[in-house]
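Hello,

Here is the structure I promised to pass on to you. Have a look at it first, and then read on for my notes.

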Amino acid sequence: MTIHLLYAFAGVALCGIGLFGFIRLDHLLRKLMAFNLMGSGVFLVMVGLAQRGGQPDPVPQALVLTGIVVAVAATALAVVLIRRYYHLSGQITLAEPGREPVKKPAADAHREGPTE
Amino acid sequence: MRALSVVTMTAVCLAFAGLLGLAVWHIAGSPAPVNLPGLLAENLDASGVEHPITAVLLNFRSYDTLLEIGVLVIAGIAGISMAKTTSLEDPDLRTSDSLLYALQRWFVPLMLVLAGYLLWAGSDRPGGAFQAGAVLAASGVMMRLGGIPMDFLRPGVLLRLGLALGFTVFLLVAVASALAGEAFLAYPAGFAKPLILVIETVLTFSIAMVLLALFVSAPVNRAQEPEEGEHE
C-alpha cells in the first residue's frame, strides 16, 4: 500500500459516494454535483494508478487534463440546460408525470413557453 | 419502502465501489504492459516541445485534443443557442463593489499577462493552452461581473468566429498534413514547434471564449425584463 494507491482508493470512494448521490438525490443541481464527484473520482483513480513506477506517467495526466476541461464545459452546459428546464417547467426535479411536483411552478415561470 | 430502497441503493453503490477498488488493486499489483514514460522520454526530442505533457497533448495524442476542442465548441454553441441573453450591460448583474472595481484595474492586465506566460511556459514546464484559456476566461468573468461592456460576446459573427477559430485552425493543420502525404495530424518535420505554438494560441483563445460564453449565457432572467430581440 503505497501513497499513490491511497489516491486511487480515495478516487474509488469518491466514485461510490458520487454514484449514491446521483441516484439518491432529486434536485438536478445536486445530481450534477454528484456526477461531477464521480468524474473527479475517475480522474483521481487514473492519476493515482499511473504513478506505479514511482514517477508520474505523463500520458494519463494529459488525458485527465483533457477530461477536466471537457467536464467543466459539460457541467456549464448542464447548468444552462437545468436553468432552461426550470424556466420552462418551474420544476427542479425530473418528477414523473402524475406525481405531485416538488415545487409548484412559479407564477412567472412559464413566460418562455412556446405560446408566447 | 423508502428505507428499503435506500438500503438497496447503498448496497449497489458499495458493490460498485468494491468492484472498482478490486480492479484498482488488481491493476496496481500487475506490472505495466508497456513502459509509456520510457517511450515518451525516447521520443520527446521529435515532438517539438520539451514538456512531456504538452508533447502528449499536442503531438502524440493530438487527436484527443482535437476532439476535445470539438466537444467544447459544441457545448459552447449549444449553450449560447439555449440562452436568451439579456443585455450584457444589465445593471442588475453588476456588482456595486468599489473594491472589485479597484482590484479589476490591477488584476485584469495582470491576468492577461499571466495567461500569455502560461501559454508560453507550456513548452518546457507545466502550463499550456488549457490553463491559459482558463485564466483568460476567469478574467473575462471578472470583467463581466464588474459590468465592463463586452460587445463581442453578443451572439454574433465575432463570438462565432472566436468559438470556431481554435477547432478550425487545428483541423486545417490536420487535414493539410494529411493532404501533404503524411498521416492525419502528423506535423511535417521541422515545423512541429511553430505549428504547436499556433495551435496552442488559437486553442487558448477559443477555450476562453467557450467558457466565457457558457458563463454569460446563463443570465438571470426576470419576468419584468424584456429579453434581447423582444423589445417592448
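Predicted model: local features only at pLDDT ≥ 70, side-chain atom pairs only at ≥ 80, totals over all residues.

B:Ser47 sits in helix α2 of chain B, which covers residues 36-47. Setting aside neighbours within four places in sequence, its contacts are B:Ala55, B:Asn59, B:Phe60 and B:Ala192. Take B:Phe60 from that list: 13 residues separate it from B:Ser47 in sequence, and the C-alpha to C-alpha distance is 7.7 Å.

Next, the place where the two chains meet. Chain B puts 40 residues into the contact and chain A puts in 39 residues. On the chain B side, the elements that give two or more residues are α1 (2-29), α2, α3 (52-60), α4 (62-82) and α8. The largest share of that side comes from α1(B), with 11 residues. Sorted by class, the chain B side has 30 nonpolar, 6 polar and 4 charged residues.

The largest nonpolar core has 53 residues, and the members that touch the most others are A:Ala73, B:Ile207, B:Val210, B:Ala213 and B:Leu214. At least two residues of this core come from each of α3 of chain A and α3, α4, α5, α6, α7 (157-179) and α8 of chain B. With 16 residues, α8(B) gives the most. As for B:Ile207, its contacts beyond four places in sequence are A:Val69, B:Leu72, B:Ala129, B:Phe130, B:Gly133 and B:Gly166. There is also a second, separate core of 18 residues, which includes A:Ala8, A:Val12, A:Phe43 and A:Leu44.

How far apart are the end C-alpha atoms of α6(B)? They are 24 Å apart, and this agrees with expectation because 17 residues (129-145) at 1.5 Å a residue should span 24 Å. After α6(B) comes B:Gly147, with a positive phi near 80°.

Happy browsing, and best wishes

Note on methods: Residues numbered from 1 in each chain as written. Chains lettered and ligands numbered in written order. Helix = DSSP H or I, 4+ residues; strand = E, 2+ residues; numbered from the N terminus. Expected span 1.5 Å × (residues − 1). Contact = placed C-beta atoms within 7 Å. Nonpolar A, V, L, I, M, F, W, Y, C, P; charged D, E, K, R; others polar. Core = buried A, V, L, I, M, F, W, Y, C linked by C-beta atoms within 7 Å. Buried ≥ 20, exposed ≤ 12 C-beta atoms within 10 Å, placed from the backbone.
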